[in-house]
Amino acid sequence: MKEHLKECMQAIIDGDTERSEKLAKLTLEKGMPVLEVINKGFVAGIREVGRLWEEGELFLPELVIGADAMKMAMGILRPALEGGEGGPDRLGHVVIGTIEGDIHDIGKTLVATMLAANGFEVTDLGADVPVAKFVETAEEKGADWIAISALLTTTMPGQKKVIEQLEAKSLGNIRVMVGGAPCSAEWASEIGADGYAGDAVAAVALAKGKTG
Ligand code: B12
């Protein structure tokens with residue numbers, strides 16, 4: 001298992017889409033714990049790519065290739081996470097997306113998948129989502145939560161704008177959770193969000209603890 005995790009991580013660092021596809025399929029064939037392989041293998045790999053890029057050891061095209069390899073693996077593994085205890089709207093409805101100006105969607109999609117697998121109805125708006133779109137959709141769907149991902153420090157203020165628009169429309173009953181690498185519990189409380197979660201499992205716990 002340890003060796004498998006290492007190989008998954010390396011496939012992403014190498015940007016080897018073919019290898020990451022094979023390793024993801026092997027994970028399912030061998031019945032390995034999918035979430036653990038995602039987190040300790042593939043996610044560890046993409047984080048390492050980010051670190052190497054920040055240190056100038058990798059260039060943007062390599063970051064893009066690493067992300068492609070990551071998306072390949074996630075596409076294969078995601079269905080195995082879906083179809084948990086869920087049923088439509090059993091625990092509540094979550095409208096999720098990555099905030100405008102930001103195209104990072106790997107983490108957001110993982111959070112959406114885990115919420116759906118754990119009994120929430122999820123409307124995934126995708127990435128680069130305008131502030132007003134979060135608010136309109138949540139109002140229309142009668143959502144319990146809006147979950148907003150931001151991976152760039154420059155796009156984080158958009159999360160605050162969603163909260164401000166909710167307040168302006170007297171929709172303060174809709175709770176907001178924020179997440180993504182630069183976010184924190186301090187940021188969440190500074191902008192008046194109802195919560196922050198650092199990963200997909202914590203996001204489920206947060207939504208479960210406060211919904212209803
Ligand atoms: C992959 C990647 C890309 C890919 C994205 C592909 C895609 N479709 O998503 C590509 C190559 C396109 C890309 C582009 C850019 N990137 Co980029 N990217 C990354 C990288 C390496 C990994 C992100 C990732 O997928 N992580 C894996 C997932 C699983 O983790 P996660 O996103 O953190 O999500 C988890 C938690 O945060 C949480 N979570 C996430 N969202 C939410 C939401 C809620 C509500 C909750 C509760 C929880 C939650 O749960 C998730 C699952 O556990 C990060 C480095 C890093 N350490 O984050 C840089 C990084 C985010 N990128 C960065 C930058 C600068 C850029 C570019 C501006 C580069 C450029 N010069 O063009 C562009 C931005 C384009 C844009 N407008 O958005 C910087 C941001 C710096 C900053 N502080 O603002 C980072 C931090 C790299 C770095 N170390 O400098 N990037």
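Trainee: What kind of model is it?
Mentor: It is a predicted model.

Trainee: How many helices and strands does the chain have?
Mentor: Nine helices and five strands. Along the sequence the pattern reads α-α-α-α-β-α-β-α-β-α-β-α-β-α.

Trainee: And the radius of gyration of the chain?
Mentor: The chain has 17 Å. A compact globule with 212 residues would have a value near 17 Å, so the two agree. The C-alpha atoms fill a box of roughly 50 × 40 × 25 Å along the principal axes.

Trainee: What share of the residues is buried?
Mentor: Buried residues make up 41% of the 212.

Trainee: What about contacts in the chain?
Mentor: Take the contacts between residues at least 6 apart in sequence: 74% of them join residues at least 24 apart.

Trainee: Now the sheet. What is the strand order?
Mentor: The order is β2-β1-β3-β4-β5. The sheet is open, and the pairing is parallel.

Trainee: Which strands are at the edges?
Mentor: β2 (121-124) and β5 (195-196). Each of them pairs on one side only.

Trainee: What holds paired strands together in general?
Mentor: Strands of a sheet pair through backbone hydrogen bonds.

Trainee: How many bridges join β3 and β4?
Mentor: Five, between residues 145-149 of β3 and residues 175-179 of β4. Ile-146 stands opposite Val-176 in β4.

Trainee: And β1 with β2?
Mentor: Four bridges join that parallel pair. His-93 has Glu-121 in β2 as its bridge partner.

Trainee: Is β1 mostly covered or mostly open?
Mentor: Mostly covered: six of its six residues are buried. His-93, Val-95 and Gly-97 are on one side, with Val-94, Ile-96 and Thr-98 on the other. Both faces are covered.

Trainee: Which strands does α6 lie across?
Mentor: Helix α6 (residues 131-141) lies across β1, β2 and β3. Its direction is at about 165° to β1.

Trainee: Switching to the ligand. How many residues surround the ligand?
Mentor: 37 residues. The closest are Gly-50, Ile-106, Gly-107, Ser-149 and Gly-179.

Trainee: Which element gives the most to that shell?
Mentor: α3, with seven residues. Elements that each supply at least two residues include α3 (34-54), α4 (60-81) and α9 (200-210).

Trainee: How does the shell split by class?
Mentor: It has 23 nonpolar, eight polar and six charged residues.

Trainee: Last topic, backbone angles. What is the phi of Asp-128?
Mentor: Near 55°, a positive value in a residue other than glycine. Asp-128 is in the loop between β2 and α6.

Trainee: Why does Asp-128 count as partly exposed?
Mentor: Because it has 16 other C-beta atoms within 10 Å. Buried would take 20 or more, and exposed 12 or fewer.

Trainee: Where is Ser-170?
Mentor: In the loop between α7 (157-168) and β4. Ser-170 has a positive phi of about 55°, although it is not a glycine.

Trainee: Why is Ser-170 counted as exposed?
Mentor: Because Ser-170 has 7 C-beta neighbours inside 10 Å.

Notes
Residues are numbered from 1 along each chain as its sequence is written. This is a predicted model: local features need pLDDT of at least 70, side-chain atom pairs count only at pLDDT 80 or more; totals for chains, interfaces and linings use all residues. The radius of gyration is taken over C-alpha atoms; the globule rule is 2.2 Å times the number of residues to the power 0.38. Two residues are in contact if their C-beta atoms, placed from the backbone, lie within 7 Å. Two strands pair if DSSP finds at least two bridges between them. Axes are lines fitted to C-alpha atoms, for helices over the stretch in contact, and angles run from 0 to 180 degrees between N-to-C directions. A residue is near a molecule or strand if its C-beta atom, placed from the backbone, lies within 6 Å of it. Ala, Val, Leu, Ile, Met, Phe, Trp, Tyr, Cys and Pro count as nonpolar, Asp, Glu, Lys and Arg as charged, and the others, Gly among them, as polar.
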